[in-house]
Amino acid sequence: MDWSRGGAHTWDSTAGFLKGLIAGLPERPKAILVVSGHWEEQAFTVGSAERPELIFDYYGFPEHTYQLTFPAPGAPALAARVRALLEGAGLPAAQDSRRGWDHGVFIPLKLVTPDAESPVVQLSLQASLDPALHLAAGRALAPLRDEGVLIVGSGMSWHNMRGFSPAFTDKSEAFADWLDEAVREPRKREAALARWADAPFAREAHPREEHFAPLFVAAGAAPGEPGREAFRDIAMDVAISAFEFGGHKG
C-alpha cells in the first residue's frame, strides 16, 4: 500500500495487527470462516470450492495488485457444516461451489496466514443486511468455535468513501467510541448493535452497512461472552477499529 493517499506507512499498524492475529490465539485454528462485506445473496451462501480462485474485485489499483496469490485450500466439508447449522436455526442458506474468494478474504488472510496452510471458507451476507438476522446467523455458527474454527468478520468499522478527510476525524472517533462501548457487555451487545443506526454519526460511518454487517455475525457467534476493542488506529484521517469476542475461544 505504498501508493496510498495517506503515504507509504498508512496501513502499517493494521498490517501489524493482522500479522499477529493467529499468534495471539492459544492454538492455531483448524480452519477459518470469513464473512466478507463483498458478497451478498438472498440466502446466506457458503463457498464450497476445493480450490477457490481469487476475485480481484477492486479497480484502479497498481498492476501488481492483480497478480497476488493466496493458495489456501477450501473446505467443502466445513462449508456443508456451515450450511447445516444455518438451516438448523431456520435461516435461509445455500452453497456455491464455483465462486472464488473476494479481496475481503484474501487480502487480510495474506497477512493473517501468509503460509496459506489453513483451510478457508467464505460466507456471504444476506442481502437485507438486517442486524438481527446476521446476529442470529452468528449464534447458529457458534458451535464451530468449539470445533477449532476461527470466525472472522471482514469489513471496515468506517466505510464512507467520501468520508476520509480531516473533516471526519472527530466523527469517526465518536463512532469508534460508541462501538467500543457497544460490544463490551454481552447482555446489552445485541440490542445495541441492532440499533446501530442510532449511534453517533452512524450513517456517516456507513452510508450503506455492507462493510459493518460482518461484525454482527462475529458478535453473534459469542453469545454471553465479552467483546473488546483489539485494535484502533487513525488511517486516512479516520478511526478504524477491530474487535475480538469471547476471549481467546475463537
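**The largest cavity and selected local features**

Tutor: The lining of the largest cavity comprises six nonpolar, five polar and one charged residues; here Ala, Val, Leu, Ile, Met, Phe, Trp, Tyr, Cys and Pro are nonpolar, Asp, Glu, Lys and Arg are charged, and the others, Gly among them, are polar. This is a predicted model in which local features need pLDDT of at least 70 and side-chain atom pairs count only at pLDDT 80 or more, while totals for chains, interfaces and linings use all residues. Residues are numbered from 1 along each chain as its sequence is written, and side-chain values use heavy atoms, with hydrogens and water left out.

A cavity is a set of points on a 1 Å grid over the protein atoms alone where a 1.4 Å probe fits but cannot get out, and its lining residues have an atom within 4 Å of a point. Points are joined across faces, edges and corners, and the volume is the space filled by probe spheres set on them. The count comes to one cavity of 30 Å³ or more, and the largest has a volume of about 50 Å³. Its lining consists of W39, G47, S48, A49, P52, G74, R99, G100, W101, V120, V121 and Q122. Strand β4 (residues 120–126) gives the most to this lining, with three residues; helices (H or I, at least four residues) and strands (E, at least two) are DSSP runs numbered from the N terminus.

Helix α4 (residues 131–141) has nine of its 11 residues buried, so α4 is largely enclosed by the rest of the structure. Buried means under 20% relative accessible area, exposed over 50% and partly exposed in between, with a 1.4 Å probe and protein chains only. The buried residues of α4 are P131, L133, H134, L135, A136, A137, G138, A140 and L141.

Burial also marks D180, which belongs to helix α5 (residues 169–184) and has a relative accessible area of 12%. Apart from neighbours within four places in sequence, D180 contacts E229, R232 and F243, contact meaning heavy atoms within 4.5 Å. D180 and E229 are 49 residues apart in sequence, yet their C-alpha atoms are 5.8 Å apart.

R228 is located in strand β6 (residues 227–235) and is partly exposed, with a relative accessible area of 43%. Residues up to four places away aside, R228 touches V183, A242, F243 and E244.

In helix α1, T14 is buried at 18% relative accessible area. T14 touches F231 and I240, residues up to four places away not being counted.

Most residues other than glycine have a negative phi. F201, in the loop between α6 (186–194) and α7 (202–205), is not a glycine but has a positive phi of about 60 degrees; F201 is partly exposed at 34% relative accessibility. D237, in the loop between β6 and β7 (238–245), is likewise not a glycine and has a positive phi of about 75 degrees. D237 is partly exposed, with a relative accessible area of 27%.

Note on methods
On a 1 Å grid over the protein atoms alone, a cavity is a set of points where a 1.4 Å probe fits but cannot get out, and a pocket is an open set with protein on both sides within 12 Å along at least five of seven lines; lining residues have an atom within 4 Å of a point.
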